[in-house]
Amino acid sequence: MKIAIIGGGLSGVLTAIYLLRKAVSSTTIYLIEQHKHQLGRGVAYASTLEYQPLNVPAAAMSLFEEQPNDFVAWLSSHQRAYTTQLTFPLNPQDFVPRCIFGDYLQARLQEAVGKAAKGVELISLVGEVCSAKRQEEGNPFLLTLGGGHSIWANKVVLALGNLAPAPIPLADPSFYQSSAYAASPWCAEALAGLPVTAPVLLIGSSLTMVDLVGSLWARKHQGKICVVSRHGLLPQPYDVNAVPYSRLPIPVQVRTSALELFRFIRCEIRKAEAKGYSWHSVLDALRDEIPAIWQAFSLQEKKRFMRHIRPYWEVHRHRMPERSAALLEELQASGQLHVMAATVVALQQHGTAVQVTLRKRKREETIHLSVDSVINCTGPQSDLTKVDMPLVQQLLADRMMTPDALRLGVLTSPQGVLLGEQAAPVTGLYTLGPLRKATWYESTALREIRRQAGTLTNELLQQEQIEQEVGEVA
Ligand SMILES: Cc1cc2nc3c(=O)[nH]c(=O)nc-3n(C[C@H](O)[C@H](O)[C@H](O)COP(=O)(O)OP(=O)(O)OC[C@H]3O[C@@H](n4cnc5c(N)ncnc54)[C@H](O)[C@@H]3O)c2cc1C
């Protein structure tokens, strides 16, 4: 059995770890990552910028659901490596730098390799997979990597993860060629060479923006930082002391209407607050129910959710550490940070400066500002029809991948098998993580990826188990 995992981030690595732990005989796992520095870390945990904390406490970041203390225990046993970054004894409610979580992910992968059963091996490769083809159903896939290298695999897992943000539509997109524009906010190059006094525009006001403001502050940046997003909403602060709320029984009508869902959440928060709980706990209790609610919604209700509820859901669900919230407040009070609800109308390079034209929310008039650098923090692109990646284009063209109507990701079976022509499952081709947002809605964080990787591993090893059982009977 040869299983190829395309993408060396959290989703790919966790699937590899689970496979190495569970496979019992002759299984080769290929882990293929296009960017060497992201192998075993992915986009989120490879960042070398300062001030890039996890956005949930260490206590909630174990790779194994059945061993919730694993990350904290690993940190405690590696104290010596992190004496300058962490304070020991570690508080499990601390927000640890993301690159340390990347170390943990890589360490657990190495351990799984060392403990794998005889005949079970991991081969890590660096290279972009440009196509995954097969002659007919049942045949193995031929994966072609950049540079002409190719491999055969019986099963393929697409763990492509967070794709670079989409550019904002502009009448004149020539600005996107400028060196003053950073298309991806997740690498050190986004801030490379930026003078400390340079005014900066960050487009998007989500957690990525929060992290970048933190990195600028850590580099002692003195220039103005302007943040612009359609609603101008900032992520809410995390409350590490929030007492967990009991699981919510979801009324039937909530599963059929976005408005009813919204009313239900508000009503449940009122009830919870009357009993001394906080809204944070209510949203956390709801989180595991979201995939079922999302799948029950009609397309029209999904559209209503996206249009009216999504901006508020996102800022309450994806929260920032309290320390980041305090920093943002401080920078806003000092006048260095300015957050605006507006749309970017034009970006034009004039010499070394960028002229920015904005239209304020619900206003007609435009306003102008001048910055030295523009960083796109609008979040991962999820419309695969607009992605300039050879593998994605080939899978779409060969009808082995189908984008969902809302362009959140791809259509899959409940087990994560890709759906192709006429919604037929493409046997042997799987995905997990952000690409499954179309089915799960909440599908990007460790908690959901961990669960998906667990069920996917069972599915991937099913054939191995059947063969073993047949062998035993014979
Ligand atoms: C900045 C940031 C911070 C986050 N912080 C947290 C957090 O604190 N807690 C939490 O639970 N979640 C967090 N998340 C959520 C995050 O999405 C997941 O934790 C995780 O990063 C998703 O992993 P992934 O492997 O699916 O995607 P990615 O990390 O994006 O990895 C996908 C990998 O696939 C590679 N790839 C793509 N196409 C190809 C190809 N054709 N050939 C070869 N390689 C390819 C890419 O180069 C990339 O390295 C964060 C996300 C981001 C972006």
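**Entry 1: Valine 156**

I began with the contacts of valine 156, setting aside its neighbours within four places in sequence: the residue touches Ala4, Ile6, Phe141, Leu143, Gly428, Leu429 and Tyr430. I note here that the model is a predicted one. I then located valine 156 in strand E7, which covers residues 155–158. Is valine 156 buried or exposed? I found its relative accessibility to be 0%, and valine 156 therefore counts as buried, the cut-off being under 20%.

**Entry 2: The nonpolar cores**

I next asked which residues have the most contacts inside the largest nonpolar core. I recorded Leu10, Leu63, Phe71, Leu75 and Phe101, in a core of 50 residues. I listed the elements that each supply at least two residues of this core: strands E1 (2–6), E2 (27–33) and E3 (120–126), together with helices H1 (10–22), H2 (70–77), H3 (98–115) and H12 (446–473). Helix H1 gives the most to this core, with eight residues.

Not counting residues up to four places away in sequence, I found leucine 10 touching Arg41, Tyr45, Leu63, Phe101, Leu105, Leu446 and Ile449. I also noted a second, separate core of 30 residues, which includes Val129, Phe141, Leu160 and Leu395. Phe141 of this second core is also among the contacts of valine 156.

**Entry 3: Helices H1 and H3**

I examined how H1 and H3 pack. I recorded their crossing as left-handed.

Which residues of H1 meet H3? On the H1 side I listed Leu10, Val13, Ala16, Ile17 and Leu20, and on the H3 side Phe101, Leu105, Arg108, Leu109, Ala112 and Val113. By class, I counted ten nonpolar residues, no polar ones and one charged residue in this contact.

**Entry 4: Helix H6**

Last, I turned to helix H6, residues 279–287, and asked how many of its nine residues are buried. I found eight of them buried, and I describe the helix as mostly covered. The buried residues of H6 are Trp279, His280, Ser281, Val282, Leu283, Ala285, Leu286 and Arg287.

Conventions
Residues are numbered from 1 along each chain as its sequence is written. This is a predicted model: local features need pLDDT of at least 70, side-chain atom pairs count only at pLDDT 80 or more; totals for chains, interfaces and linings use all residues. Side-chain values use heavy atoms; hydrogens and water are left out. A nonpolar core is a set of buried Ala, Val, Leu, Ile, Met, Phe, Trp, Tyr and Cys residues joined through side-chain atoms within 4.5 Å. Buried means under 20% relative accessible area, exposed over 50%, partly exposed in between (1.4 Å probe, protein chains only). Helices (H or I, at least four residues) and strands (E, at least two) are DSSP runs, numbered from the N terminus. Contact means heavy atoms within 4.5 Å. A crossing is left-handed if the near helix is turned anticlockwise from the far one by less than a right angle, and right-handed if clockwise. Ala, Val, Leu, Ile, Met, Phe, Trp, Tyr, Cys and Pro count as nonpolar, Asp, Glu, Lys and Arg as charged, and the others, Gly among them, as polar.
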